[in-house]
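User: I would like to go through the labels on this model and what backs them.

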Amino acid sequence: MADVIDYRILGDDMQIVEITLDPGEGVRAETGAMLYLEGGIEMSTSSGGGLMSGLKRMVSGESFFITTFENTGRGQALAAFGAPYPGKIVPVDLADHGGTFLCQKDAYLCSAVGVDIAVAFTKRLGAGLFGGEGFILQKLSGDGLAFIHAGGTVIEKTLRAGETLRVDTGCLAGFEESVDYDIGFVGGFTNALFGGEGMFLASMTGPGRVYLQSLPFSRLADRIHSAKYAKREEKTGVAGIGGSLLGGILGGDK
């Protein structure tokens, strides 16, 4: 059984999760997620289940290693973990989700010792070929608490049996294993080429709960990339005449 841990989530758009560990309790996290530790907590890094477990995590886009933080002291101690980009930290009690939860390959943040982290591949050919971020998923199993991170605002949808919800593949943060997952063509030549939403959508069919994110990291990266090149074009136009100083003033740079 997984360790029973207490926690609180702090912050708004750049959240952290602060976990209270009793003596002997521990939490596992992706390397680089730790923010601070109180005295008495020991850190150990390993492949988290052997060579194959580490390789499977690498396939899902995560680090080969996973770090365990265990309270070896005599009293309670705090361990905190930070989100990698703006969004929300979502606590997932696996006991409330049938013991299994699927999430995007970069969504996992940390979990109680005893929760298993594995790789899950989509079951259908269409999802595998055109699923984008949803092709390789992370599978969290056990009866304890896990924490995932989603970009922007998080929306929870509860689907009835047979009810279908179509979403952008990148906006899918996680879902229960009972939900059927597939990829479908958006339909229509004009929609596919000029709709701006991609050619394929994820089709989620209930029963089960689905968690959506309004700002997936891939969309945020695309906006930053576009802004970078827009700024470069602006400088080559204005700064080519008046110099880099004039270009910076007119462009809003200090």
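User: What makes Tyr-7 count as buried, partly exposed or exposed?

Analyst: This is a predicted model, where local features need pLDDT of at least 70, side-chain atom pairs count only at pLDDT 80 or more, and totals for chains, interfaces and linings use all residues. Residues are numbered from 1 along each chain as its sequence is written, and side-chain values use heavy atoms, without hydrogens and water. Buried means under 20% relative accessible area, exposed over 50%, partly exposed in between (1.4 Å probe, protein chains only). Tyr-7 has 35% relative accessibility, so Tyr-7 is partly exposed.

User: Why is the pair of Tyr-7 and Phe-147 called edge-to-face?

Analyst: Rings of Phe, Tyr and Trp (its six-membered ring) pair if their centres lie within 6.5 Å; planes under 30 degrees apart are stacked, over 60 edge-to-face, the rest tilted. Here the centres are 5.0 Å apart and the planes make 75 degrees, an edge-to-face pair. Tyr-7 is in strand E1 and Phe-147 in strand E13, so the pair ties together parts 140 residues apart in sequence. Strands are DSSP runs of E, at least two residues, numbered from the N terminus.

User: How do you know whether Phe-147 is buried?

Analyst: Its relative accessible area is 0%, so Phe-147 is buried.

User: What makes Phe-69 and Phe-81 an edge-to-face pair?

Analyst: Their ring centres lie 5.3 Å apart with planes at 65 degrees, so the pair is edge-to-face. Phe-69 sits in strand E6 and Phe-81 in strand E7, twelve residues apart. Phe-69, at 2% relative accessibility, is buried. Phe-81, at 0%, is buried too.

Note on methods: Helix = DSSP H or I, 4+ residues; strand = E, 2+ residues; numbered from the N terminus.
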